[in-house]
Amino acid sequence: METHVPRTVSSDDQSRVIRKGITAASSLAALSLPAVHAQGSDQIKLALIGCGGRGGGAAKNALSVNKGGAKLVAMADVFENKLNNALGSLKRDREVGSDVEVDENKFLGFDAYKNAMDQLRKGDVAIFTTPLAFRWVHFQYAIERGLNVFMEKPLTADGPSSRRMLALAEEAVKKNLKVGVGLMSHHSRHMQQLHQRIQDGEIGDLMLLRGYRMQGGSGACIPRHLTRRGNDLSEVMFQII
Ligand SMILES: NC(=O)c1ccc[n+]([C@@H]2O[C@H](COP(=O)([O-])OP(=O)(O)OC[C@H]3O[C@@H](n4cnc5c(N)ncnc54)[C@H](O)[C@@H]3O)[C@@H](O)[C@H]2O)c1
């Protein structure tokens, strides 16, 4: 089904998107670029919301492309150890460590996303890499604050949240904000070319197409309820950890 959900950029392309002032090839981005920020340095400030595996990677991607063009100034998570681990790795990273200036801007808890985004100026970039349940909440606040966004897929898992995201996408368009979404393959030039060649009839009429992703297992495949040990975490925190 064709929707108006922002078209997406792969994680690999994320930094390119940010470097170009979020000229993301998205339905949202068929707009002129906004001023990066109203005043002050041209260096883009980044806030990372959700400091797990992908969050650390996304922050590194964002800092890598145009060295010195961006700096990470704030981080948010609900678990202190996750935030500190990600921060430690980023700071130790030879390539991007010098662009990590988080200092005291480490925020914990379910409101931490606000604190982190409050460290940004209009036109800066917030990165959302929490589990998907929080996407629309964080997106809504970013729009309110006039921030550009990179958010990892998936964005929604149900109808009501999808409708919220669609409505928020329209608000983002109205405010000329740029939104890049990490959705594998959409921006793969190889796949675009393959798609075009199929459209051009190179293999005749397509009767059946199956797509496979070949990779090892991932954490998401582990049935967590089976591995739960006795602990005092709330159900929500257990589902997140
Ligand atoms: N790992 C990948 O390669 C990859 C690739 C594409 C997309 N994604 C998506 O990116 C997201 C993150 O994946 P991950 O592998 O980094 O997971 P992860 O569990 O390693 O990291 C998620 C982080 O978000 C934190 N968090 C949870 N709720 C939060 C909240 N309300 N506010 C702030 N922080 C919160 C968690 O404590 C954790 O540190 C998922 O939606 C995943 O599907 C991951």
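Student: Where is the place of Asp103?

Tutor: This is a predicted model, and in it Asp103 sits in the loop between H3 and E3.

Student: What makes the phi of Asp103 worth a remark?

Tutor: Its phi is near 45 degrees, a positive value, and Asp103 is a residue other than glycine.

Student: Which bond joins Lys153 and Pro154?

Tutor: A cis peptide bond joins them, with omega at about -10 degrees. Pro154 belongs to the loop between E5 and H6.

Student: What is the order of the strands in the open sheet?

Tutor: The six strands run E3-E2-E1-E4-E5-E6, and the pairing is parallel.

Student: Why do E3 and E6 stand at the edges?

Tutor: Strand E3 (106-108) and strand E6 (179-182) each have a single partner strand, so one side of each is left without a neighbour in the sheet. On average, neighbouring strands of this sheet are turned by 20 degrees against each other, direction ignored.

Student: How do you know that E1 and E4 pair?

Tutor: Two strands pair if DSSP finds at least two bridges between them. Strand E1 (residues 44-49) and strand E4 (residues 125-128) have four bridges, in the parallel sense. In this region Leu48 stands opposite Ile127 in E4.

Student: Which helices lie on the sheet, and at what angles?

Tutor: H3 lies across E2 and E3 and runs at about 160 degrees to E2. Helix H5 (residues 135-145) packs on the sheet as well, touching E1, E4 and strand E5 (148-152). The direction of H5 makes about 170 degrees with that of E5.

Student: Why are H2 and H3 called roughly parallel?

Tutor: Angles under 35 degrees count as roughly parallel. H2 and helix H3 (residues 80-92) pack at about 30 degrees, with their axes 10 Å apart. H2 and H3 are therefore roughly parallel to each other. Their crossing is right-handed.

Student: Which residues of H2 and H3 meet?

Tutor: From H2 come Gly55, Gly56, Ala59 and Lys60, and from H3 come Ala86, Ser89 and Leu90. By class, this contact has three nonpolar, three polar and one charged residues.

Student: Why does the term roughly parallel apply to H5 and H6?

Tutor: The cut-off is again an angle under 35 degrees. H5 and helix H6 (residues 159-174) pack at about 15 degrees, with their axes 10 Å apart. H5 and H6 are therefore roughly parallel to each other.

Student: Is the crossing of H5 and H6 left-handed or right-handed?

Tutor: H5 passes H6 in a left-handed crossing. On the H5 side, Arg135, Trp136, Phe139, Gln140 and Ile143 take part, meeting Ser161, Arg164, Met165, Leu168, Glu171 and Ala172 in H6. The residues of this contact divide into six nonpolar, two polar and three charged.

Student: How many residues surround the ligand, and which are the closest?

Tutor: The ligand is surrounded by 26 residues, and the closest are Gly50, Gly52, Arg54, Lys82 and Glu152. Helix H2 (53-64), strand E2 (70-77) and helix H4 (112-117) are the elements that give two or more residues to this shell.

Student: Which element gives the largest share of the shell?

Tutor: H2 does, with three residues.

Student: How do the residues of the shell around the ligand divide by class?

Tutor: There are 13 nonpolar, eight polar and five charged residues in the shell.

Key
Residues are numbered from 1 along each chain as its sequence is written. This is a predicted model: local features need pLDDT of at least 70, side-chain atom pairs count only at pLDDT 80 or more; totals for chains, interfaces and linings use all residues. A residue is near a molecule or strand if its C-beta atom, placed from the backbone, lies within 6 Å of it. Ala, Val, Leu, Ile, Met, Phe, Trp, Tyr, Cys and Pro count as nonpolar, Asp, Glu, Lys and Arg as charged, and the others, Gly among them, as polar. Axes are lines fitted to C-alpha atoms, for helices over the stretch in contact, and angles run from 0 to 180 degrees between N-to-C directions. Angles under 35 degrees count as roughly parallel, over 145 as roughly antiparallel, 65 to 115 as roughly perpendicular and the rest as oblique. A crossing is left-handed if the near helix is turned anticlockwise from the far one by less than a right angle, and right-handed if clockwise. Two residues are in contact if their C-beta atoms, placed from the backbone, lie within 7 Å.
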